[in-house]
Amino acid sequence: MLARRVATAAVLAPLVLAAIAVGGAAVYAALLLVGTAAAYELSRALAFPFAAALFAALAPPALALFFGAGGVLGGVVFGVPWALAWLVVLPRLRDERALLGLLLASVWVGAPLGFLALISGLEHGSAMLLLAVVGPWISDAGAYFSGLAAGRHRIFPVLSPAKTLEGSLGGLLATALCGALAGSLLPGLSPSLGLLLGAAVSLASQAGDLFESALKRILGVKDLGSLLPGHGGILDRIDSLLFAAPAVYYLLLLA
């Protein structure tokens, strides 16, 4: 399993980093692809039309390009009448799973993608986006290897039996230290701000991972998709990023 995860990451990571380095249209194209794949997985997992999920997931980042943070909120707000419209037109969708899927597509997927688009548009946006995207990878790796080496105390045995306090702290420490290092190297940052952002990214990432674990338990599924060998679906890979993106955006505004 680890070998498959590493192989998939070895293919995807250079593509993601290249899009960040190029910036602009490359980032928006990547967000479009991710949003489309996430919408597809949600529509399959919760049995509602792909077209409904796609609009709900892409409206926040699309409106963010024109209206900033207000566009993200507007896209989420549009998701509510959009969901109700589908429930009216298709009576078979009038159940909790379909409504949950539509709202998740808008709030859980669409809004964070919108914040990633906003981060890309900030001054030194590529550097900030790099921190937001790579930070969760570092947190996951730090938590995994720390838990493997010293994990003793389970913190959420019902939601995620493999997660330990030692692993969580290891992920936090690794991301904070890497953030401080990035702060000394990347434009627009400082070591202290990098440290703060790294810690915030790790905490948000771990919360995002737990959120998806809870969602999968509620739905009774192991993974939300199967697009990425060794990782499950795209949502299983970006669950941490979906929580980290808004945290990074608002901390940058406050800095």
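Reply: The second largest pocket has a volume of about 160 Å³. This is a predicted model, where local features need pLDDT of at least 70, side-chain atom pairs count only at pLDDT 80 or more, and totals for chains, interfaces and linings use all residues. Residues are numbered from 1 along each chain as its sequence is written, and side-chain values use heavy atoms, with hydrogens and water left out.

A pocket here is an open set of points on a 1 Å grid over the protein atoms alone, where a 1.4 Å probe fits, with protein on both sides within 12 Å along at least five of seven lines. Points are joined across faces, edges and corners, and the volume is the space filled by probe spheres set on them.

Now the lining, meaning residues with an atom within 4 Å of a point. Leu130, Leu131, Val134, Gly135 and Ile138 are among them. Helices α6 (125–150) and α7 (165–185) each supply at least two lining residues. Helices are DSSP runs (H or I, at least four residues), numbered from the N terminus. By class, the lining has eight nonpolar, four polar and no charged residues. Ala, Val, Leu, Ile, Met, Phe, Trp, Tyr, Cys and Pro count as nonpolar, Asp, Glu, Lys and Arg as charged, and the others, Gly among them, as polar.

Next, the charged pairs. The whole structure has four salt bridges. Each is a side-chain nitrogen of Lys or Arg within 4 Å of a carboxyl oxygen of Asp or Glu.

Arg237 sits in helix α9 (residues 234–254), 97 residues from Asp140, and the pair links distant parts of the chain. Arg237 is partly exposed at 22% relative accessibility. Asp140 is partly exposed too, at 26%. Buried means under 20% relative accessible area, exposed over 50%, and partly exposed in between (1.4 Å probe, protein chains only).

Another salt bridge joins Glu212 and Lys216, with the closest N and O atoms 4.0 Å apart. Both lie in helix α8 (residues 191–219), and because they are four residues apart, about one helical turn separates them. Asp236 also pairs with Lys216, at 3.1 Å between the closest N and O atoms. That pair links distant parts of the chain, from α9 to α8, 20 residues apart. Asp236 is buried at 11%, and Lys216 is buried at 14%. Shared partners join Glu212, Lys216 and Asp236 into one network.
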